[in-house]
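Let's take a walk through this protein together, with the sequence and the 3D view side by side.

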Amino acid sequence: HTLVVTSSSNLIKSEEIVGKSNEKPLLYEGTTVITDPKNPLVLPILHAESTAYSYKPDLPVKDYSLGTGKDLLLIAALQARNNARVVFSGSLYFFSDVAFRNSVQKVDGKTYNISGNQEVASNIVLWTLKDRGMIRVKSVNHHKVGESSPPPSYTIMDMAVFLVELERWENGKWIPHDANDVQVEFVRIDPFWRGNLKNMKNGKYEFTFKIPDTYGVYQFKVEYNRIGFTAIRSSTMVSVIPLEHTQYERFILSAYPYYSSAFSMMFGVFIFSFVFLHYREDKAKGE
């Protein structure tokens, strides 16, 4: 196989997997990987240059190659739905001491004392062994506005508060995970509410909303999927009940015409009864 120099810009854009970006080129010698681009579980850690191609090394190229350009993956990873991780690499040389110590000269003449292989390889190993990119839900809480503990059930149109706390594994310990893109859904069959959780700092998030006017069994759902991190799927079931008979409004503005018609009918019956009972014809005038 050909020893190729590939730019660090071909790495996946995730500090959790490959570390901070740098301009040191990478050395690669080996085969390539072709994956299904529609598979959401596959992560293209390092893809080839646009001028690269793959073919059988002991045969001349007489027809279309097995793969070309950026469709070829030099290093790929798969994170399963249970957050298990596996990395596929077509090159042992990429992870060797020789590649770590070799100097690199690019086509434009720019020279680097060492390649960027060691830094990238170290970060990939840490990520694969789950020493980086691990997130978990520390706690979940919900309650009505003005209260502090979860109620047995919510009533329609109540104001509710949902709270969740996230942690990230870093440097051998769990620390608060702060982000601005965590969302929560309030779901019965379909989501009735979907909103961004407000970052309260120190890994704590909060969302205040009004319970829908439809009763039933609901779930608070938090699904957080970001490249380089483990997937979070948290659900908390709650029940929503209709208003009790004592909680309805005594008078409804839209029903005022019906109220007035009822009272006018009562008043009319009273007048009719009064006239009917007390009216007496003049006998002399009648004779």
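How much space lies in the second largest pocket? Please keep in mind that you are looking at a predicted model. In it, the second largest pocket holds about 280 Å³ of space. Its lining is made of 16 residues, and Pro40, Leu41, Gln79, Asn225 and Ala231 lie nearest the centre.

Let's turn to the aromatic side chains. A pair of aromatic rings is described by two things, the distance of the centres and the angle of the planes. The structure holds 14 aromatic pairs. One of them brings together phenylalanine 186 and tyrosine 218: the ring centres are 4.6 Å apart and the planes meet at 5°, under the 30 degrees used as the limit, so this pair counts as stacked. The pair links distant parts of the chain, since phenylalanine 186 belongs to strand 14 (residues 183-187) and tyrosine 218 to strand 18 (residues 216-224), 32 residues apart. Both phenylalanine 186 and tyrosine 218 are buried.

A second pair to look at is tryptophan 193 with phenylalanine 207. Here the ring centres are 6.1 Å apart and the planes stand at 70°, so the pair is edge-to-face. This pair, too, links distant parts of the chain: tryptophan 193 is in strand 15 (residues 191-196) and phenylalanine 207 is in strand 17 (residues 204-210), 14 residues apart. Are these two partners buried or exposed? Tryptophan 193 is partly exposed, with a relative accessible area of 34%, whereas phenylalanine 207, at 12% relative accessibility, counts as buried. Now put the two pairs into one picture. Phe186, Tyr218, Trp193 and Phe207 belong to one aromatic cluster, together with Phe162, Phe192, Phe209 and Phe220.

Most residues other than glycine have a negative phi. Methionine 157, however, has a positive phi near 75°. Methionine 157 is placed in the loop between strand 11 (154-155) and strand 12 (159-170), and its relative accessibility of 41% makes it partly exposed. Asparagine 171 is not a glycine either, yet its phi is positive, at about 55°. You will find asparagine 171 in the loop between strand 12 and strand 13, where it counts as exposed because its relative accessibility is 70%.

An unreviewed entry lists residues 142-279 as "domain: OST48 middle". Over residues 142-279 the chain is 17% helix and 43% strand, with the end C-alpha atoms 69 Å apart. The unreviewed entry also places a "transmembrane region" at residues 256-277. What is the make-up of the chain over residues 256-277? Residues 256-277 are 100% helix and 0% strand, and the end C-alpha atoms are 32 Å apart.

Technical notes:
Residues are numbered from 1 along each chain as its sequence is written. This is a predicted model: local features need pLDDT of at least 70, side-chain atom pairs count only at pLDDT 80 or more; totals for chains, interfaces and linings use all residues. Side-chain values use heavy atoms; hydrogens and water are left out. On a 1 Å grid over the protein atoms alone, a cavity is a set of points where a 1.4 Å probe fits but cannot get out, and a pocket is an open set with protein on both sides within 12 Å along at least five of seven lines; lining residues have an atom within 4 Å of a point. Grid points are joined across faces, edges and corners, and a volume is the space filled by probe spheres set on the points. UniProt positions are given in the numbering used here, feature names are shortened, and annotations may be inferred rather than shown by experiment. Helices (H or I, at least four residues) and strands (E, at least two) are DSSP runs, numbered from the N terminus. Rings of Phe, Tyr and Trp (its six-membered ring) pair if their centres lie within 6.5 Å; planes under 30 degrees apart count as stacked, over 60 as edge-to-face and the rest as tilted. Buried means under 20% relative accessible area, exposed over 50%, partly exposed in between (1.4 Å probe, protein chains only).
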